[in-house]
Amino acid sequence: MFNQTKHKSRTIHTWRVWAIYMVLAANFSKEQALKQTCPSCDAAQLCNCSSMDLDFIPPGLTAKITVLNLAHNRIKHIRSQDLQQAVNLRALLLQSNKISSIEEDSFQSLGKLKRLDLSDNNLAHLSPVWFGHLFSLQHLHLQGNSYRDLGESSPFSNLRNLSSLHLGNPQFSTIRRGNFEGIELLDKLWIDGGNLSQYEPGSLKSIKKINHMIINLRSVNVFSAIVRDLLHSVIWLEVREIKLEIEKKSLLQNSTPPFTIRKLTFKDASFTDQYVSRLTVLVKEIISLRVLEAIDCVLEGKGAWDTKEIVSSGESLVETVTVINMVIQEFHLFLDLEGMESQINKLKSLTIASSRVFMVPCKLAKHFSSLLYLDFHDNLLVNNRLNETICEDAWPSLQTLNLSQNSLKSLKQTANSVTRLPKLINLDISQNKFGEIPDVCEWPKNLQYLNLSSTQIPKLTTCIPPTLEVLDVSANNLREFGLQLPFLKELYLAKNQLKTLPGATRIPNLVVMSVRRNKLNSFSREGFESFKKLELLDASDNNFICSCEFLSFIHHQAGIAQVLVGWPDKYVCDSPLAVRGVHVGAVHLSLMECHTFLVVSLICALVFLVILILVAVGYKYHAVWYLRMTWAWLQAKRKPKQAPPKDICYDAFVSYSENDSDWVENIMVRELEQACPPFRLCLHKRDFVPGKWIVDNIIDSIEKSHKTLFVLSEHFVQSEWCKYELDFSHFRLFDENNDAAILVLLEPIQSKAIPKRFCKLRKIMNTKTYLEWPLEEEQQQMFWENLKGVLKL
């Protein structure tokens, strides 16, 4: 019984191991299949399989993947098991495929999904079951499919966290009540409803708040119904591609304030004069509306608006009007908008850009009494028309004026025109072709911001107002900056020809400066630190010379990364050649490269010290003597070993110290030279050839003598004469094993007292007999007899 149980247990264990092995093998096989299908998915959270011509979702997706991009493929079907293991997906991108069917539980395991893009596919209907488990979904894109409606109920009822929703397509025609149930707050709602023809009133009312809604419409009835539904929920309504005649009945039927809509934008729309007139009247009913925009629109008219109807409808509460790239087909016939004065006196911001505006009539300009901001960039203003546009008492409250990208050519006339704006603070006149700058200009007294970038001015003069806090003179080919601007806080000098930073003393309060794309080679610590209040410096895209001083400043300046804009990627060395293209912060030059003068000086000092030490050591150990003796020895070696007998002139050459000259010259010479027969002695004082090198004299005298007589004493061994010249000549005799040397000791002297350099002399004293001069007179006669006897040998 026990054995049977044990066998059964072992069998179960074996099957479990086998099952685990099969699962692991299957998973490994799937991972291999995924790697083969989409290599970028290997060991990565981001799995990018876009544009790979796939017609299926790759197998083997695992829980480690958080982003799956399958856009721009040929996938037609999504099956239940395709995404079952990808439980940690945050983004699933399936746009631009051919998806026509999705099994109901395909997204069931994607509870963490935040972004789902199914746009531009072939979905003919939307099923609420698909989105039933996507509790974390925030962004859903469904536009560009083939569904005609959203169904009988809401597909989005479980998407409580939805933030942006994109719907619609060219076939989308119907919106029903209940289609948006479950959605209470949207940051963005985009409905492509170019062919939307049926809209059940109240369909969008279930959404309590929409920050930004974009809708394409052509039906006037649908537009009016949607606007009524959105008055209490939308904040910004953007209407695109609309071309319709607005109905004359009120947009506010059965609607009561307060309204939430504050901004209305028309984009790619087409207007007629009648449309503009009617729209102007109708938008006044939306008393919450403050911003009105028209972008990339067309005006099919010439400004013949129904001013009587507009005026009779009351004052406009709109504060901001923006018109960008408005095409007026007959702009040269456009009227002066007489009668519209009452509609503009509360306007605070007006932008009319890229719309071929060439002037504003003075009469109309005077009624912009509340306008603070005026933007006329990229138009056709010239100086004469500007003078009419900014006439006396026009734009009385204006603080900001943008006249960039017009046709202004005289900076002096432009300055004179804007002096009529007493409250002007900010002026942008960039990208006008001034070309010249006068020495003196008149400006509004309170002007703080001036943009003169790309105006072709060759230099800066005192025409620039000293009251400025911000100055932009970028892209003007300037070579220097020397203006006195005591209040300046921001200075923009990009795309010029500056080689150094401006001086800080003239702009002491500078906080922000840009010298990007100039000809800066470097900037010093002193130049940088002189700007006491500087917080941001953009010196990127310059050709830096990575000198030692510059690199030292960069590496040791505390907080340089917080001050330099674009650091470190935009700061690259141009030279030296070895580090060209390398980031400045990554370059470290060697000690030799950085301190050449110091290194050379140290080397020279070291060489001098070595020489000094060698001289000291040589002096201490008599190296000079050895060198001189070596030279003399070499000279002696070249002479014959022994002079011919006929050249022998002396019986003995006497080597002695100057201190012993009295004994030698008065006693020994007299005794020997007056002997019978007399001995002929060679003395250096008497017999050396004048003008001849002393060593040669010594060698020649020794060679012309039978014997060499050394008169030894304490003075002898300490004598410079003996030390440097005389004794070396004895060496030649010793090298030849010649016994012609005679030693006479005037006083007792130990061989140990003789310097080591007289090694031959010490050897002779240890091996040969020498004569000692006796102090007793009775013994002196014997001394002379012995000496004469040795000399005769």
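Predicted model: local features only at pLDDT ≥ 70, side-chain atom pairs only at ≥ 80, totals over all residues.
Residues are numbered from 1 along each chain as its sequence is written, and side-chain values use heavy atoms, with hydrogens and water left out.

## The largest pocket

The largest pocket has a volume of about 1200 Å³. Its lining comprises 40 residues, and those closest to its centre are Trp305, Val323, Phe334, Leu337 and Ile352. A pocket is found on a 1 Å grid over the protein atoms alone: it is an open set of points where a 1.4 Å probe fits, with protein on both sides within 12 Å along at least five of seven lines, and lining residues have an atom within 4 Å of a point. Grid points are joined across faces, edges and corners, and the volume is the space filled by probe spheres set on the points.

At least two lining residues come from each of helix 3 (273–283), strand 16 (291–295), strand 18 (320–324) and strand 20 (349–353). Helix 3 gives the most, with four residues. Helices (H or I, at least four residues) and strands (E, at least two) are DSSP runs, numbered from the N terminus.

## Helix 7

Which residues of helix 7 (residues 411–418) are buried? They are Leu411, Thr414, Ala415, Ser417 and Val418. These residues cover an arc of only 160 degrees around the axis, which puts them on the same side of helix 7. The arc is that of the directions from the helix axis to the C-beta atoms. Buried means under 20% relative accessible area, exposed means over 50%, and partly exposed lies in between (1.4 Å probe, protein chains only).

The buried residues of helix 7 pack against helix 6 (383–389), strand 22 (400–402) and strand 23 (426–428). Contact means heavy atoms within 4.5 Å.

A buried residue in a strand is Asn216, which lies in strand 12 (residues 209–216) and has 8% relative accessibility. Apart from neighbours within four places in sequence, Asn216 is in contact with Trp190, Ile191, Asp192, Gly193, Gly194, Arg240 and Glu241.

## Aromatic rings

Rings of Phe, Tyr and Trp (its six-membered ring) pair if their centres lie within 6.5 Å; planes under 30 degrees apart count as stacked, over 60 as edge-to-face and the rest as tilted. By this rule the count comes to 22 aromatic pairs. Two stacked pairs are listed below.

| Pair | Centre to centre | Between the planes |
|---|---|---|
| Phe544 and Tyr571 | 5.9 Å | 20 degrees |
| Phe653 and Phe688 | 6.2 Å | 5 degrees |

Phe544 lies in strand 29 (residues 544–545) and Tyr571 in the loop between helix 10 (560–563) and strand 30 (573–575), so the pair ties together parts that are 27 residues apart in sequence. Both Phe544 and Tyr571 are buried. They also belong to one aromatic cluster, together with Phe523, Phe528, Phe550, Phe553 and Trp567.

Phe653 counts as buried at 1% relative accessibility, and Phe688 counts as buried at 13%.

A charge can also sit over a ring: NZ of Lys or CZ of Arg must be within 6 Å of the ring centre and within 35 degrees of the ring normal. Lys263 lies over the face of Trp236, at 3.7 Å from the ring centre.

## Backbone exceptions

Most residues other than glycine have a negative phi, and most peptide bonds are trans. Asp120, however, has a positive phi near 55 degrees. Asp120 lies in the loop between strand 6 and strand 7 and is partly exposed at 42% relative accessibility. Ser354 also has a positive phi, near 55 degrees. Ser354 is in the loop between strand 20 and helix 5 (362–365), and its 23% relative accessibility counts as partly exposed.

A cis peptide bond joins Ser575 and Pro576, with omega about 0 degrees. Pro576 is in the loop between strand 30 and helix 11 (591–594). Another cis peptide bond joins Cys676 and Pro677, with omega about -5 degrees. Pro677 is in the loop between helix 14 (661–673) and strand 32 (681–682).
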